[in-house]
Amino acid sequence: MTATAEDQRRVLVVDDTEAHRYVMASWLRRAGYAVTEAGTGRDALELVSGHDAVVLDVNLPDMSGFDVCERIKADAATAVPVMHVSATSIDARSRTSGLQRGADAYLVEPLDRDEFLVTVAALCRSHAARRGITEHARRLADLAAAVVPLASARSLDDLVAEAAQGGATVFGAPVVVIATAPDGMATRVVSPGPGRPVVRGRLLAPATEPPTRDPYDLPAADTPGVWREMLDRAGVAPTAWHVSPLTDAAGRTIGGFAVATPEPFDAEERELAEQLRAALNGALATLRSYAQEHLVALTLQRSMLPHTLPSPAGVRMAARYSASDAQLSVGGDFYDAIDLPDGRVAVVIGDVQGHSLRAATVMAQLRFSLGAYLLEGHPPARALDLLNTLLRRSHPELVTVCVAVLDLRDGTIEVANAGHLPPLLVTPEGARYLRATSPLLGVPAPGERAVARVATDGPCTLVLVTDGLLERRSGHLRDALDRMAEVAAAVGTLEPDDLCDVLLRRFDHADQDDDVAVLAVHLTGERAPA
């Protein structure tokens, strides 16, 4: 009848008669229970938290035992099994009333020792079972809450941090997560415990493979160095480990997560850890696949853009292309610069609707076709009309394009714009947009397209961008255009490379969900011979 150390339960004995309380407490202590004694109902309500069962006299000096039982049961934090005992309220009506008002058992005095101990043991077992069910339900809910953010993580750092925080909440213990990116860079995060901020770190080489001897119970001496280092930084000193390896599609270990626990996991905890590992492994595979496909898409798109830009006397050019991390597929942004036979230079920027391989192929076809029309000697407006005819006959996409032809002999710039953002002309006196707007390509021709011609005298820079640089869900495009003009005017006529970098830095934003192309053309003011 004696309880073992690991089964020891705490019992609160409440009776205003000291002799009765002493007898019951002595029986329980000899049986291995930890006992707390109280002589009033008020004391019982203050002491009940943390106990596994309550032995409660019905007739207390300050309040009825029935009332004390109801208040214990009404609070989820103190709702433990209650057994009434009484030497006076022993009739069937009293026993029935006590059970109806929440008691789990009712014994009348004089008490039989064995019956008393067996009843207390049964109440403690039922409480442990209910507590186990409640704890398991809580852990399942925490597991579901931990898994959901994994599927929406946009980067390896975010994924690892979410997994560490979620694991710490599920298991109520420190968690270390290490995952390796396709380039071999490993991200490692430790969550010291539920609700505590994570500690981040990186490895320049793939993460150390967790030992395979016993993936569930690793003594501290066998802990891999990377796990130990991160836990030391977080001030965690575990006595037992549960390590779950993460693998790629080929079965190679690419990381893992380790839970630092005070004792080895039981079967239920191992099952929870396996479910979290499977979810993390799936999210990691998706993220790695996304990164690899995005790299392939980006490489394909870059191959369709000019590898070099012309550099005739009196002109310096630079371009930048920045792909959006929010888009997996290739986009339709493009730019070009063409030396024309008569000594002029044409610069082009455009954007094909959508993000897909089709958008990229349309972009490549239009870029080459527009270059051919300009090389044939067509003016910018006529070249756009020809391109619109080609587009409407062969593709349903809508396209915006801006063409500027620079005459290096007299410094004039001729601009034709089909629905694109206007080019920005930056001079020592300030910055202004060259507006010559006509409908975008892919719709019926408007008749004669508007053309803007401007004469330049001295050094100046022409800046052409796609809308991905400026458009944001949280702002107005006109405000962004004004801001770009202010930024460009403030930095003056920088070298084209420097100007492109300044614009990309100043307009970098978390809301950016489109590709960006920037083309900067600096005219030194040097005139080419007629």
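Mentor: Two strands pair if DSSP finds at least two bridges between them. β14 and β15 have six bridges and run antiparallel, so they count as a pair. The model is predicted, so local features need pLDDT of at least 70 and side-chain atom pairs count only at pLDDT 80 or more, while totals for chains, interfaces and linings use all residues. Residues are numbered from 1 along each chain as its sequence is written, and side-chain values use heavy atoms, with hydrogens and water left out.

Trainee: What makes a stretch such as β14 (residues 399-406) a strand?

Mentor: Strands are DSSP runs of E with at least two residues, helices are runs of H or I with at least four, and both are numbered from the N terminus. By that rule the protein has 12 helices and 21 strands.

Trainee: What do β14 and β15 form, and which residue in the turn has a positive phi?

Mentor: They form a hairpin with five residues between them, and G411 in the turn has a positive phi of about 80°. Most residues other than glycine have a negative phi. Across the pair, L406 has I413 as its bridge partner in β15.

Trainee: How do you know that β15 also pairs with β19 and β18?

Mentor: Count the bridges. Five bridges join β15 to β19 (residues 451-455), in the antiparallel sense, and A416 has V451 as its partner there. β15 and β18 (residues 437-438) are parallel, with two bridges; two meets the requirement, so this is a pair as well. In β18, T437 is the bridge partner of N417.

Trainee: Why is β15 called largely enclosed?

Mentor: Buried means under 20% relative accessible area, exposed means over 50%, and partly exposed lies in between, with a 1.4 Å probe and protein chains only. Six of the seven residues of β15 (residues 412-418) are buried, so the strand is largely enclosed by the rest of the structure.

Trainee: Is T400 buried or exposed?

Mentor: T400 has a relative accessible area of 16%, which is under 20%, so it is buried.

Trainee: What makes the link between T400 and H420 a polar contact?

Mentor: A polar contact is a pair of N or O atoms within 3.5 Å; within protein, one must be able to donate a hydrogen and the other to accept it, and residues adjacent in sequence count only if both atoms are side-chain atoms. The side chains of T400 and H420 make such a contact at 2.8 Å. Contact in general means heavy atoms within 4.5 Å. Leaving aside neighbours within four places in sequence, T400 has contacts including I349, D351, A418 and L440.

Trainee: In what order do the strands of the open sheet of five run, and which are the edge strands?

Mentor: The order is β11-β21-β20-β16-β17, with antiparallel pairing. The edge strands are β11 (315-322) and β17 (430-433), since each pairs on one side only. From one strand to the next, the twist averages 15°.

Trainee: How do you know that β20 pairs on two sides?

Mentor: β20 (residues 460-465) joins β16 (residues 424-427) by three antiparallel bridges, with L424 opposite V463. β20 also joins β21 by six antiparallel bridges, where V465 has V518 as its partner.

Trainee: What covers the faces of β20, in terms of buried residues?

Mentor: C460, L462 and L464 are buried on one side, and T461, V463 and V465 on the other. Helix α11 (residues 477-491) lies across β16, β17 and β20, at about 145° to β17. Helix α12 (residues 496-506) lies across β11, β20 and β21, at about 30° to β11. Such angles run from 0 to 180 degrees between N-to-C directions, and the axes are lines fitted to C-alpha atoms, for helices over the stretch in contact.

Trainee: How do you know that the span of α6 agrees with its 16 residues?

Mentor: The expected span is 1.5 Å times one less than the number of residues. For α6 (residues 156-171) this comes to 22 Å, and the end C-alpha atoms are 22 Å apart, so the two agree. Just after α6, G172 takes a positive phi of about 60°.

Trainee: Which residues does the cis peptide bond join?

Mentor: The cis bond joins E109 and P110, with omega about 5°. Most peptide bonds are trans. P110 sits in the loop between β5 (105-108) and α5 (113-151).
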